[in-house]
Structures are given as structure tokens and as C-alpha cells.
Amino acid sequence: MTKVWFAVILVYLKLWMRVGTAPICAYGEAECHVPSLADLFDRVIQQSSRMHGLSNDLHSEFEKHLFPSRILIGKRKCHMYGIVTPDDKENAQRLGREQLTEVILRLLVAWGKPLTQLYQSMSQDQNPDVNHYSSNKALEISDIVHELRDGVAKMAEKMKLLGVLGNTVGYITAETSVPSSAFSFEKQGEHHSMDHHDVLYCFRRDSNKVKTYLRILKCTILPELDC
């Protein structure tokens with residue numbers, strides 16, 4: 001009797017796995033689900049929201065515990081200023097699809113190395129307020145940026161295949177994307193909490209831009225959806 005029930009449970013689990021967790025595949029094999037362009041947009045937008053939320057939390061954490069009395073005056077010159085980006089929603093909407101996609105990719109690629117350095121530097125920071133929880137959150141942000149970059153690149157390829165995006169959007173590398181002014185924590189082995197705060201301030205700004213640009217791009221390419 002036990003063996004019979006065990007066999008029934010196995011059959012049920014296999015059926016559930018086929019229906020509930022259809023794998024994503026690039027070549028349309030049997031039992032694979034090929035995501036639509038709308039699906040891809042939903043995924044990267046969800047990731048970008050998570051990314052911005054984490055960056056906002058970590059930045060707020062630094063302001064609360066490290067610099068409670070610090071007042072920011074005037075504009076700060078962020079290390080990614082060499083990447084020209086629309087400064088508001090209206091200007092972003094005026095950009096073509098190719099331009100907006102390229103701006104998103106350039107920002108994500110350019111932030112890859114600085115965020116890896118941020119995590120490594122935070123994990124070695126001697127400031128007691130830079131705790132294990134904060135460095136783990138920095139690592140999570142770094143991982144999300146890399147995943148989001150790959151997701152947007154795959155989405156761009158899908159748009160090219162569907163003919164909604166031209167081939168002018170090429171492959172973007174860190175060497176071509178990161179401006180020479182890019183921030184580095186490599187300061188002869190020294191690590192500064194103030195540097196962390198400045199980079200988090202700048203990344204919070206750029207992560208919000210990526211989130212906004214992705215939503216604008218979705219509404220531009222898929223206007224039939226509720227935008």
C-alpha cells in the first residue's frame with residue numbers, strides 16, 4: 001500500500017512540475033515556455049524596482065547612522081557624469097527606442113565594476129556602523145545589476161528579432177561604457193565610509209533613472225498595454 005501511494009505522489013509531483021514551473025528556453029524545445037516581449041519587460045522592470053529599492057535603503061542607512069547631521073548643499077558630481085542621460089521623464093520620452101535602450105545598457109554596464117568594488121570595500125571597512133547586513137545588501141545590489149544588464153541585453157535582442165528595434169544598438173562593454181572619471185576604491189588599501197556614501201548617493205540616482213527609462217521604453221514599444 002505504501003509503495004502504491006509513493007508512486008501516486010511521484011506522478012502527481014511530475015505533473016505539477018510540468019504545469020507550474022515551465023522552464024524558459026531559447027530554442028523552443030518541448031515543454032519549454034518562450035517568454036513574450038511583454039514578459040521580458042515585466043521581469044526587467046520588476047528587477048529594476050528591486051534594485052532601486054535596495055539602493056535607497058542602503059543609502060538611507062548610511063545617512064542615518066554615519067552622517068545624521070550632514071546637509072547636502074548644491075549638486076554632487078557623480079562619477080558616471082560622462083554618460084549623458086535625459087534629466088527628466090519628458091526628455092526621456094523624446095529619445096528614440098535605440099537611444100533609450102543604449103542609455104539603459106550603458107548605465108548598467110558602467111556600474112558593474114564600481115558596485116563590486118563597493119561591496120569589497122564595505123566588507124573591509126573598519127567603521128563599526130558598516131555592518132555585515134549592509135555589506136550583504138551591497139552584494140545583492142551588485143548581483144542584481146549584473147542580472148539586470150543581461151536581462152536587458154536579451155530583451156534588446158528579442159526586440160531586434162521582432163523588428164521593433166534597429167541593429168544600431170551594439171554590444172556594450174565596460175571599456176566602452178565606463179567614463180574615465182569612474183570612481184575607484186583602490187586607494188592604497190584605504191577604505192572610507194564617506195566614499196561609500198557618495199557612491200550610494202549617485203547609484204540611487206542612476207538606478208531610479210534605469211527604472212524610469214525601462215517603463216518609458218515599454219510604453220513606447222508596447223503602447224497597447226496599460227501605461
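Visitor: What does the secondary structure of the protein come to?

Guide: In this predicted model, the protein has seven helices and zero strands. From the N terminus on, the elements run α-α-α-α-α-α-α.

Visitor: How do you know that helix 4 has the span its residues should give?

Guide: Helix 4 covers residues 97-124, which is 28 residues. At 1.5 Å a residue they should span 40 Å, and the end C-alpha atoms are 41 Å apart, so the two values agree. Helix 4 also bends, by about 35° at Gly112. A proline, Pro114, follows within four residues.

Visitor: Why is Ser48 called buried?

Guide: Buried means under 20% relative accessible area. Ser48 has 0%, so Ser48 is buried. Ser48 is found in helix 2, residues 37-65. Buried residues make up 37% of the 227 residues in the protein.

Visitor: Which residues is Ser48 in contact with, leaving aside its neighbours within four places in sequence?

Guide: They are Leu148, Val210, Lys211 and Leu214.

Visitor: What makes the approach of the Ser48 side chain to Ile45 a polar contact?

Guide: The cut-off for a pair of N or O atoms is 3.5 Å. A polar atom of the Ser48 side chain lies 2.7 Å from the backbone oxygen of Ile45, which is within that cut-off.

Visitor: What makes Asp42 and Lys218 a salt bridge?

Guide: The side-chain nitrogen of a Lys or Arg has to be within 4 Å of a carboxyl oxygen of Asp or Glu. For Asp42 and Lys218 the closest N and O atoms are 2.8 Å apart, so the pair qualifies. The two residues sit in distant parts of the chain, Asp42 in helix 2 and Lys218 in helix 7 (residues 193-221), 176 residues apart. A search of the whole structure finds six salt bridges.

Visitor: Why is Lys218 called buried, and why is Asp42 called partly exposed?

Guide: Lys218 has a relative accessible area of 15%, which is under 20%, so Lys218 is buried. Asp42 is at 39%, between the limits of 20% and 50%, and therefore counts as partly exposed.

Visitor: How do you know that Glu140 and Arg50 meet in a salt bridge?

Guide: Their N to O distance is 2.7 Å, which is within 4 Å, so the pair counts. Glu140 is in helix 5 (residues 132-162) and Arg50 is in helix 2, 90 residues apart. Glu140, at 31% relative accessibility, is partly exposed. Arg50, at 43%, is also partly exposed.

Visitor: What makes Glu157 and Lys160 a salt bridge?

Guide: The side chains meet at 3.5 Å, N to O, which is within the 4 Å limit, so this pair qualifies. Both residues lie in helix 5, three residues apart, about one turn of the helix. An α-helix has 3.6 residues a turn, so residues three or four places apart point the same way. Glu157 has a relative accessible area of 44% and is partly exposed.

Visitor: What share of contacts between residues at least 6 apart in sequence join residues at least 24 apart?

Guide: The share is 83%.

Note on methods. Residues numbered from 1 in each chain as written. Predicted model: local features only at pLDDT ≥ 70, side-chain atom pairs only at ≥ 80, totals over all residues. Heavy atoms only, no water. Buried < 20%, exposed > 50% of the residue type's maximum accessible area, 1.4 Å probe, protein only. Polar contact = N/O pair within 3.5 Å; in protein donor to acceptor, adjacent residues only side chain to side chain. Contact = heavy atoms within 4.5 Å. Expected span 1.5 Å × (residues − 1). Bend = angle between axes of the 7 residues up to and from the residue.
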